[in-house]
Every structure is written in structure tokens, then in C-alpha cells.
Amino acid sequence: NKPRGSRPSVVPYRESMLTWVLSDSLGGNCQTAMLGMVSPHERNLEDTINTLRYCLRAKAITCHVRVNEEKCKVIVGALKQEMELMRKQQENEEAAKLQRIAAAARQLDEEQRQAEEMRQQRRVQSVASARARATLARQTAALDRMKAELAAKTALA
């Protein structure tokens with residue numbers, strides 16, 4: 001029924017008590033080392049041949065080892081990774097907020113400095129303007145006196 005060269009889908013266990021006892025080790029999720037004990041004596045020839053045949057069949061068994069993990073441990077691990085990712089995102093967001101706050105503080109400081117400079121310039125201009133008005137008032141008073149003197153001289157003359 002099976003095409004030649006295809007591998008059997010089940011592990012070729014021999015029906016014996018030893019195979020049944022070792023079935024978890026041979027086809028399960030573990031690495032197994034097997035030693036076949038043979039004897040060079042003629043009287044044990046049949047046992048030696050059977051042992052070697054068994055070892056050849058056991059050697060054909062392939063095992064794909066994987067880590068046994070319980071579902072809850074996998075879920076807990078995934079949740080821990082997600083928490084760590086969220087923690088890093090939160091730290092990045094907080095760092096970005098702090099940078100925006102620092103930039104706003106620098107901008108505010110610059111605007112306050114500029115406003116103080118403008119107030120200082122206005123004070124200087126105000127003082128200069130007051131001096132100019134005082135000078136103008138003195139000059140006006142001097143002109144008024146000159147007019148009065150000129151009017152008095154012209155009236156006498």
C-alpha cells in the first residue's frame with residue numbers, strides 16, 4: 001500500500017516490555033542514550049543478535065526535542081514582554097514630554113528676556129524724552145524772556 005522510500009508515520013516500536021517502558025524516552029520529548037550490551041560468547045549469540053537488531057531499530061527513531069512549557073508560563077512570559085514594551089513606551093513618552101517642557105521653558109525665558117530688554121529701552125527712551133521736554137521747556141522759557149525783553153525794549157524806544 002505504501003510507496004517505496006516513504007517513512008512510516010508512527011515510530012517503529014517493537015512490541016516488548018522494554019520498548020513499552022522506554023516509549024516515552026525513545027519517542028517522547030527527551031534525548032536518550034542507549035547502550036546495547038552484547039556478549040562475545042557463543043552461547044549468547046541469539047541474545048546478542050536480537051539486541052543488535054533492537055538497537056538498529058531504536059537508532060532509526062528520530063526525536064525532535066522541544067522545551068516543555070505550560071500555557072500559563074507562555075502567557076505570563078508574553079505578558080511580561082508586553083509590560084516591558086509598554087514601560088519603555090511610557091518612558092519614551094515621558095522623555096518627549098520633558099523635552100517639550102524644557103523647550104517651552106527656554107522659549108519663555110527668551111521671551112521674558114526680550115520683554116525686559118524692551119522695558120529697559122522704553123525707560124531709556126522715556127528718560128531721553130523727559131530730558132528733551134525739559135530742554136524744550138527751558139528753551140521756550142528763554143525765548144519767552146527774550147520776547148518780553150524785546151517787547152520792553154521796543155516799547156521804550
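## Thr62

Thr62 counts as exposed because its relative accessibility is 52%; exposed means over 50% relative accessible area, buried under 20%, and partly exposed in between, with a 1.4 Å probe and protein chains only. Thr62 sits in the loop between α2 (45-59) and α3 (71-156). Gln31 is 31 residues from Thr62 along the chain, and their C-alpha atoms are 9.9 Å apart.

## Basis of the model

The model is predicted: local features need pLDDT of at least 70 and side-chain atom pairs count only at pLDDT 80 or more, while totals for chains, interfaces and linings use all residues. Residues are numbered from 1 along each chain as its sequence is written, and side-chain values use heavy atoms, leaving out hydrogens and water.

## Overall build

The protein has three helices and zero strands, and its elements run α-α-α from the N terminus on. Helices (H or I, at least four residues) and strands (E, at least two) are DSSP runs, numbered from the N terminus.

Of the 157 residues in the protein, 4% are buried. Among contacts (heavy atoms within 4.5 Å) between residues at least 6 apart in sequence, 57% join residues at least 24 apart.

## Trp20

Trp20 belongs to helix α1 (residues 17-27). Trp20 counts as exposed because its relative accessibility is 63%.
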